[in-house]
Amino acid sequence: MKEIDLIIKNILVLGEKQQINSVAISDGIILDIDKTNNISKRYEAQKVIDGTDKILMPGFVNSHSHVAMSYFKGLADDLPLNKWLEQYIWPLEKNFMSKDFIKDAALFGCAEMIKNGITIFNDMYFMGEQTAESARKIGMRAVLGEGILDFPVANYNNADEIFAYIKLMHKKFKDDELIDFAVAPHAIYSCGKESLIKAKNLAENLGILLHIHLSETKQEVEDCLKQHGKRPVEYLDELGLFKVDVVAAHGIWINETEQNILSENEVSIAINTSSNLKLASGFDSFKRYLDKGINLAIGSDGVASNNSLSIFQEMNITAKLQKALNNDPTILPANKMVEIATLGGAKALKKSKQLGSIEIGKKADLILVDINNLESQPMYDPYSQLVYSLRSEQIKDVIINGKLIMENRKLLTIDEEQLIDKAKFYQKKIINYIS
């Protein structure tokens with residue numbers, strides 16, 4: 001009998017076949033999946049979790065976030081994007097941006113993501129080393145894109161300083177089990193041609209991801225046409241940006257010609273439905289994206305523009321909105337929506353060989369969802385329940401890299417009460433500044 005780290009027994013394993021099985025985990029890897037009796041004969045585990053009346057599924061992938069903006073949640077709601085940024089977010093960032101603020105806010109945001117079943121996030125912000133420290137402290141995976149802009153921001157005087165920082169961080173974390181760094185030019189309206197080309201070259205030279213906001217608003221498209229005579233996707237294609245692995249956040253003002261370019265270059269779109277609706281940035285049908293084989297993933301955006309980190313909420317509202325937009329109740333069926341939130345995100349981050357599905361040999365980044373409650377029963381189709389019925393409160397346990405990070409809704413690697421106290425501390429400071 002082989003000694004291993006963890007067995008999850010008697011659990012409904014989400015996959016092509018919905019079967020009650022047990023899962024053996026060791027050294028951060030899914031070692032075996034089989035009937036409970038067979039697993040019990042083969043392995044002896046240091047810890048055994050009873051998964052009766054629970055679904056075991058891959059952890060959610062948050063493919064676009066600004067995690068260190070956690071303390072700005074609910075601060076400036078019901079405003080247009082430009083006013084929201086220029087009158088509230090940017091002034092607050094200028095005043096409060098520090099290593100301690102980033103570290104504390106990122107730790108809070110990571111904890112909230114764990115509570116929502118997110119096991120890896122693709123971020124765009126500043127001072128990524130501090131976010132990396134917070135993610136590692138809580139035991140979470142992260143791809144950290146250092147935001148590149150052509151004007152002074154955070155503790156940078158210019159874009160060249162940011163490029164130098166990305167090189168330094170990539171070198172520091174390139175062998176880290178949980179942390180990757182990425183190149184993150186903010187957008188075509190905040191980065192000039194030179195910075196965009198430098199970003200592409202850096203991503204290519206280091207072999208890392210490029211993460212950018214793209215076609216988030218109608219104004220962005222109109223300005224690009226005026227300045228460059230091309231739509232945003234065409235402009236970036238001309239600059240060679242899509243020669244590297246790209247995650248484009250939002251992508252809601254993209255025509256069919258641009259979609260063909262994205263498809264040909266295997267660009268992934270991180271959709272952010274709640275944020276786009278709340279900011280009235282717009283929305284588009286994703287049917288052509290699906291028809292053209294463009295990989296879709298789910299992002300939360302920052303909680304300053306979404307107010308929630310619930311992937312359950314994103315799946316629910318995205319599926320329903322797309323059905324209404326296409327006048328087609330069959331588009332984005334529940335199983336496809338769950339795939340987008342898990343394997344789609346892993347594909348976007350170029351990690352589908354390690355993450356995104358429950359398979360022997362893949363990383364044990366898993367969540368256990370309680371179905372022994374009124375919201376879940378009667379259950380005919382687990383995918384349907386996950387998309388249309390359940391909330392994050394049903395996520396009971398979170399495992400990342402084979403380690404239990406949350407058990408029965410209790411965070412195991414961090415003191416939740418301390419996080420709440422620190423959030424209240426910063427809330428008072430921010431209110432005083434605004435006043």
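Helices in this predicted model are DSSP runs of H or I with at least four residues, numbered from the N terminus.

**Close-up 1. Ile 138 in helix 4.** Ile 138 belongs to helix 4, which covers residues 128–138. Because its relative accessible area is 0%, Ile 138 counts as buried, the cut-off for that term being under 20%. When its neighbours within four places in sequence are set aside, Ile 138 is in contact with Leu 107, Cys 110, Ala 111, Ile 114, Ile 405, Thr 413 and Ile 414.

Close-up 2. Helix 13 comprises 16 residues, 311–326, and spans 22 Å from its first C-alpha to its last, close to the 22 Å expected at 1.5 Å a residue. Just after helix 13, Asn 327 adopts a positive phi of about 50°.

**Close-up 3. The largest cavity.** Four cavities of 30 Å³ or more are found in the structure, and the largest has a volume of about 60 Å³. Its lining is made up of Pro 58, Gly 59, Val 61, Thr 119, Ile 120, Gln 354, Leu 355, Gly 356, Ser 357, Lys 363, Asp 365 and Leu 366. By class, the lining residues of the largest cavity are five nonpolar, five polar and two charged.

Definitions and conventions:
Residues numbered from 1 in each chain as written. Predicted model: local features only at pLDDT ≥ 70, side-chain atom pairs only at ≥ 80, totals over all residues. Heavy atoms only, no water. Helix = DSSP H or I, 4+ residues; strand = E, 2+ residues; numbered from the N terminus. Expected span 1.5 Å × (residues − 1). 1 Å grid on protein atoms, 1.4 Å probe; cavity = no way out; pocket = protein on both sides within 12 Å on 5 of 7 lines; lining within 4 Å. Points joined across faces, edges and corners; volume = space filled by probe spheres on them. Nonpolar A, V, L, I, M, F, W, Y, C, P; charged D, E, K, R; others polar. Buried < 20%, exposed > 50% of the residue type's maximum accessible area, 1.4 Å probe, protein only. Contact = heavy atoms within 4.5 Å.
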